[in-house]
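Here is a walk through one protein model, going from charged pairs to cores, rings and surface. Have the viewer open while you read.

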Amino acid sequence: MSRMETDSLLTGSMNGAPGDYGSSSGTEDRGAPGSRRMSYSVAGQSCSVDSAPGDEELYLQQAVVFIEDAIQYRSINHRVDARSLRLYRWYYSRICQWGLGLTIAVLLLLAFVERPSSLSISSDPRFRSPAGQPPCGLTEGLEMLCLLIFSLDLAVKSYLIGWEEFRKSKWLIGYTAVLVFCGIDWVLSVSMVCDERLRVRRLLRPFFLLQNSSLMKKTLKCIKRTLPEIASVILLLALHLCLFTMIGMLLFAKSEDPKRNGEWELHFRDFSSSLTSLLVLLTTANNPDVMIPAYSLNRGYSIFFVSFSVIGTYCLMNLLTAIIYNQFRGYLLMSVQTSIIRRRLGIRAAFQILSCQGAERAAEEGVAVDVVLKVMSRVQMKSYYRTAITTEAQQYADVGYMDREQFRKIFDELDKDRIKEHPPLPEYNSPVLQRLQNVFSHYYVTILGNAVALANVVSICTVLVLNSDKSTAERDNYIMEIINMCFILYYLFEMGVKIFAFGWKGYLSYRNNIFDGILTILLLVLQITIYITYRLPYSQWDPSSHGLMSLWEMVRLINMLIVFRFLRIIPDIKLMALVASTLLDLLKNLRAFAGILLVVYYVFAVIGIWLFEGVIKPPPGMSAFSNSSMENISSNFSMECGTYEQLGYWPNNFDDFGASIILLYDVMIVNNWQAFMDAYSRYTTEWSKIYFVGWWLTSSVMWVNLFVALILENFIYRWDRSHSCSVTDVERIRYETSVQLMFREQIQEPTEEELICQLHQHPHLHLHW
């Protein structure tokens, strides 16, 4: 066959000794126990195997692992002997990966309980109670346990890929260096009896999160490649800032008339304050405050500020966002291309193994269908994908064999959307029941239920508006309770008739029915609890506390559940259903991008604690409740309008890890972020502004805009695939929206020559021409 003439010699050699996997020359001890040779003869156009007993089982296991690698976009460059394959599958099993993820989470969460601890109710230093401090050795013991698990993880990874591949992997070398450094720093901490203030290893903890996700590593690599283009635009932005800063200092120079010095005194006193004011104006956080002193004197001064904002905010900043996403998208496409090649290579390697597993006829005609079915029954994958691939493979059962192209095409099912089939309706013999079933299974029943839910929410809003000025004792909970009881009875009726019409399996096959049913049951339980606690309803119910919860608290909880239940309308409106499903997919498919943001948060929070812990302290005479009364504030402490102190931003500080995360979030939103930058520059040094500007550039300018762009990419991808679908189809279809599929149309399929070339370079499957 011509296909066989183009394929190459595939050999693999191994013996029973661990770590001995043959040599690069392809020679081996044929008499060694467990050794085998697999060769592909071009001249004879056949596949021949000198196999020992049990080798056929090994080939099947290799094919299973290669297909699992293809499904997960993993590299196939790992050991392929029986013992290593068992270890490999155990390592990538769900329980092992969940355990590793849990270890990473525990290590990262230690920052909340380590000194300075976040174990206090409030972060406000004015009335913050002393935070609970763990005993010395507790967090260190947990940390050492995590480091030992990571060391085991590194050992397993290094063994599975071999020494040659380990030397090529910068991430694994970095993994080793980080573990060694963390171990040394841990020993220093223990030797100092937990009294050290600087734990450098805390800064390295996010590395363990990064190295455990291939998509995070690809994303980080793409961001690194995008930095030169970002730097060029930031340089242009800096030039724009400096130019307008100098013009502003010339326009608003100090004059002899004190009444005309408002702009100079507040915003353009020196180069540093001028640059800071315009930088904040670039984010619109101090607009129009920054221009009011000058604008009140002459309306012509507005030209300066409007020109600066139009050029900087609306042109350069948006241009920066476009360049970031355009360049990042290009590099991401290159990374996704690599993932697609990995999938195709894994499938091609599985075909090569199966076509050379000992039967000459199999090599001539392809892979036996029964062998493919046996392999698929062992592959760890989602059941509906296995069913779809098995169904496709069974179409070739009459022929008995599948060629290379047919084998590849059956795995195209991995890229297809899953269409959920609902169970058939139950059959009733009675004509009356059949008629009722037709009525209650109609779509109008759902529409009526949505209308009733809307009426329930409107009634709650009406009662809340009428009672908004009343205290708990003055509220008439009786009316609210009677209204809720009527609606809950209808919800229970709706749930019952749907179960009657669709059956239990049919009812539970709809996600909105599960959501609706759970909330209905909760509402019913709360309603029964109220009746048991307060007996039969009457208009003079005592709203005072009765047992664990007062009547008002119970009614309020019911109202919140009813309002939450109103979300049931989302699946019945196509655009809302599409938006909601897009948000859910983001949690699943764009976790890597959110993970990078988490890493950046973690690093900046640790650095912020090192730099600014405890630097801002409220005046000794200030209490938490003196915001409206200035008498208790010492006379030598005054607060300017709009400052950190006057706005009461005391809870936003770097005194512990939890407070640092919230402060960084507030700065990322850029609303009043200048108050934080001004406060820390006053309490420390002007150089502290570099920290806040760096965080703003990293989080708000680059990462948030990039994340928003990817959200749009995800939504457009789903919208293009579902705009012709009905609401019912949107509910039934489970769209596959992985990053690889989002850019699938822009990716080129690897050629057969490229796949063969990479198979020849496999470090543990020795290929000979």
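## Salt bridges

D124 and R126 are both buried (under 20% relative accessible area, with exposed meaning over 50% and partly exposed the range in between, using a 1.4 Å probe and protein chains only). Their side chains meet in a salt bridge, 2.7 Å from N to O. The rule here asks for a side-chain nitrogen of Lys or Arg within 4 Å of a carboxyl oxygen of Asp or Glu, and by that rule the count comes to 23 salt bridges. A word on the set-up: this is a predicted model, where local features need pLDDT of at least 70 and side-chain atom pairs count only at pLDDT 80 or more, while totals for chains, interfaces and linings use all residues. Residues are numbered from 1 along each chain as its sequence is written, and side-chain values use heavy atoms, with hydrogens and water left out.

D153 and K157 make another salt bridge, at 3.7 Å from N to O. Both sit in helix 5 (residues 138-168), 4 residues apart, or about one turn of the helix; helices here are DSSP runs of H or I with at least four residues, strands are E runs of at least two, and numbering starts at the N terminus. D153 and K157 are both buried as well.

## A charged network

What about R201 and D185? Their side chains form a salt bridge at 2.9 Å, N to O. That pair links distant parts of the chain, with R201 in helix 7 (residues 201-204) and D185 in helix 6 (residues 170-191), 16 residues apart. R201 is buried, since its relative accessible area is 0%. D185 comes in at 9% relative accessibility, so D185 counts as buried too.

## Nonpolar cores

Now for the greasy parts. A nonpolar core is a set of buried Ala, Val, Leu, Ile, Met, Phe, Trp, Tyr and Cys residues joined through side-chain atoms within 4.5 Å. The largest one has 103 residues, and those with the most contacts inside it are F150, F208, F305, W673, F692 and W696. Helix 24 (residues 591-612) supplies the largest share of this core, 13 residues.

Which residues does F150 touch, leaving aside its neighbours within four places in sequence? With contact taken as heavy atoms within 4.5 Å, F150 reaches L100, T103, I104, L107, Y175, L179 and F208. There is also a second, separate core of 40 residues, and L354, V375, Y401 and L755 are among them.

## Aromatic pairs

A pair of aromatic rings is described by the distance of the centres and the angle of the planes. Rings of Phe, Tyr and Trp (its six-membered ring) pair up if their centres lie within 6.5 Å; planes under 30 degrees apart are stacked, over 60 edge-to-face, and the rest tilted. Searching the whole structure turns up 45 aromatic pairs. Take F112 and F657: the ring centres are 4.9 Å apart and the planes are at 90 degrees, so this pair is edge-to-face. F112 lies in the loop between helix 4 (94-109) and helix 5, while F657 lies in helix 25 (residues 657-669), so the pair ties together parts 545 residues apart in sequence. F112 counts as partly exposed because its relative accessibility is 32%, whereas F657 is buried at 2%.

Y644 and F676 are edge-to-face too, because their ring centres are 6.2 Å apart and their planes at 75 degrees. Here Y644 is in the loop between helix 24 and helix 25, F676 is in helix 26 (residues 673-683), and 32 residues separate them. Y644 is buried, and so is F676. Both belong to one aromatic cluster, whose members include Y601, F604, W650 and F692.

## Surface and overall numbers

Where is the nonpolar surface patch of about 440 Å²? It is made by L243, M246, I247, L251 and F271. Patch residues have over 30% relative accessible area and no salt bridge; like charges are joined within 9 Å, and nonpolar side chains (Val, Leu, Ile, Met, Phe, Trp, Tyr) within 5 Å. Helix 9 (residues 214-251) gives the largest share, 4 residues. L251 lies in helix 9 and counts as partly exposed because its relative accessibility is 40%.

Overall, the protein has 30 helices and 8 strands, and buried residues make up 48% of its 769 residues. Of the contacts with a separation of 6 or more, 74% come from residues 24 or more positions apart. The protein exposes about 38300 Å², with carbon and sulfur atoms supplying 63% of it; accessible areas come from the Shrake-Rupley method with a 1.4 Å probe, and for residues only the protein chains shown count as cover.
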